[in-house]
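Please look over the sequence and the structure below before reading on. The briefing that follows goes through it topic by topic.

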Amino acid sequence: MEVFLIRLLQFMLAIGLLVLLHEGGHFFFAKLFGVRVDKFYLFFDPNIWKWDGSLFKFKPKNSDTQYGVGWLPLGGYCKIAGMIDESFDTEQMKQPEQPWEFRAKPAWQRLLVMIGGVLVNFLLALFIYSMILFYWGDTYIPVKNMTLGMKFNTEAKALGFKDGDILIGTENGEFKDFSADLYRDLSEAKRVDLIRDGKKMSLNLPGDINLLGMLKTEPAFVRPLVPAEIDSVMEGTPAAEIGLQKGDRIVAFNGKAIDSYNEFSAQIGILEDMMTAAKTQADSLKVRTATIVVERSAEFRTDSVEFASAIAKLDTLSFTLTSDLKVGFAVKALAEIYEPYTREYGFFESIPAGIKYGWNVLAGYVGDMKYVFTADGAKSLGGFGAIGSLFPPVWDWYLFWKMTAFLSIILAFMNILPIPALDGGHVLFLLYEMVTRRKPSETFMIRAEYVGFGILILLMVVANLNDILRWLGYM
């Protein structure tokens with residue numbers, strides 16, 4: 001429960017900040033051009049019976065704007081006078097046009113009002129990334145320094161990779177760290193450079209490997225090879241009961257040779273699949289009872305271990321191997337195996353570096369959008385639960401700000417998509433007006449707003465339904 005609350009608090013703080021600043025972008029340009037803003041709200045405030053839906057509201061003296069906080073934490077809004085938006089206030093649009101209304105302003109001013117939120121979110125992300133680099137620097141483990149090499153799955157081995165290969169880079173440059181960018185580079189590469197058995201060599205790749213498939217398969221396409229050497233044992237767990245100790249090395253599991261913790265985790269994954277198929281308690285117990293062979297001080301011992309009913313999976317989001325707490329032991333983290341490298345930045349150095357970093361994040365995210373329109377991509381959509389789980393289980397300001405910057409970029413990109421009800425939909429219609437010198441009719445705009453709103457609700461339902469299905473174990 002504590003972990004859930006910490007993640008929830010981080011999620012609410014990040015989303016609240018981003019929504020507030022996004023709507024603030026619209027507000028700034030509206031006020032700049034003399035457009036009246038009727039309401040400025042964090043979260044939505046749909047009416048419930050005789051309650052107007054506001055948790056808090058106030059209206060400064062001599063101000064046209066009511067500020068407040070709604071009860072439904074799904075975003076926020078800036079209600080601009082004379083504009084067809086998600087409030088669907090058609091009554092106002094039936095009144096004679098007023099000079100202080102949105103619709104009375106030139107198209108270029110209305111365009112700036114509409115892109116104000118996206119602009120603020122994008123600039124905010126670049127600013128946060130710059131300040132992260134300035135304050136914390138850029139700490140990572142260079143891939144070329146991972147001297148134990150990588151562990152590959154069968155699909156990767158079919159392309160010529162071998163366990164233990166040390167990845168160097170592709171024709172497009174050297175790998176930096178082990179992250180989604182490495183997968184992305186491999187998926188698009190036609191050549192990969194590596195070190196095998198101490199010798200540098202290259203492999204030819206097709207250049208169009210399915211990135212989503214690389215990330216979703218278990219075991220994964222490639223992972224840093226982690227030794228199957230126990231670093232710590234938790235009390236009262238199966239590992240403690242059979243006497244496993246720090247320094248023990250697992251060499252076999254259920255009769256299969258184990259060459260790394262990666263392989264051990266893969267075998268655990270097989271057991272998990274078998275657990276799903278178990279129909280009786282006896283079947284479940286049979287699956288959960290396994291033999292494990294451990295090497296200690298050049299001697300080997302074999303034990304029978306009964307696992308707990310739930311088995312931990314690999315953490316596919318952070319690309320790290322997590323300790324299997326249900327077995328009850330942990331292995332060394334990558335930062336304990338290899339020395340992390342930190343690049344420090346001065347204030348003026350951090351700004352262009354942060355802009356470059358943020359731009360690369362945006363480019364990668366936009367490039368990956370093509371997978372959303374596939375069956376596997378649709379299943380990968382995540383709602384509030386998936387986004388909340390991206391935050392760390394303990395309060396960490398570095399990870400919080402990094403995640404906030406990432407969400408700010410996502411919010412900017414998603415809002416600029418040309419979907420009615422989003423900023424991008426309004427921008428599309430404004431560009432049409434500027435090119436053709438003709439305004440779309442109000443009837444058309446209202447209908448488009450309803451269609452766009454319906455699309456957004458459908459996407460939200462699908463994304464959050466995916467979260468529920470994952471939680472229930474159906475995906």
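**Aromatic pairs**

Phenylalanine 29 and phenylalanine 33 are both buried, where buried means under 20% relative accessible area, exposed means over 50%, and partly exposed lies in between, with a 1.4 Å probe and protein chains only. The model is predicted, so local features need pLDDT of at least 70 and side-chain atom pairs count only at pLDDT 80 or more, while totals for chains, interfaces and linings use all residues. Residues are numbered from 1 along each chain as its sequence is written, and side-chain values use heavy atoms, with hydrogens and water left out.

- The structure holds 33 aromatic pairs, a term for rings of Phe, Tyr and Trp (its six-membered ring) whose centres lie within 6.5 Å, with planes under 30 degrees apart counted as stacked, over 60 as edge-to-face and the rest as tilted.
- Phe27, Phe40, Phe56, Phe58 and Tyr67 are linked into a cluster by ring pairs.

**Strand β1 and its partners**

- Strand β1 (residues 37–44) is largely enclosed by the rest of the structure, because six of its eight residues are buried.
- β1 pairs with strand β4 (residues 72–80) in the antiparallel sense over six bridges, and two strands are said to pair if DSSP finds at least two bridges between them.
- Tyrosine 41 has tyrosine 77 as its bridge partner in β4.
- β1 also runs parallel to strand β3 (residues 66–70), to which four bridges join it, and the bridge partner of lysine 39 in β3 is glutamine 66.
- The charged end of lysine 39 sits over the ring of tyrosine 41, 4.7 Å from its centre, a description used if NZ of Lys or CZ of Arg is within 6 Å of the ring centre and within 35 degrees of the ring normal.

**Nonpolar cores**

- The largest nonpolar core has 48 residues, and those with the most contacts inside it are Phe161, Leu167, Leu186, Val222, Phe264 and Phe329; such a core is a set of buried Ala, Val, Leu, Ile, Met, Phe, Trp, Tyr and Cys residues joined through side-chain atoms within 4.5 Å.
- The largest share of this core, five residues, comes from α8.
- A second, separate core of 23 residues includes Leu18, Ile128, Met369 and Ile409.

**Two threonines**

- Threonine 237 is placed in the loop between β12 (232–233) and α7 (238–241), and at 9% relative accessibility threonine 237 counts as buried.
- A polar atom of the side chain of threonine 237 lies 2.7 Å from the backbone oxygen of methionine 234.
- Threonine 289 lies in strand β15 and, at 35% relative accessibility, counts as partly exposed.
- Threonine 289 and valine 305 are 16 residues apart in sequence and 5.7 Å apart in space, C-alpha to C-alpha.

Conventions. Polar contact = N/O pair within 3.5 Å; in protein donor to acceptor, adjacent residues only side chain to side chain.
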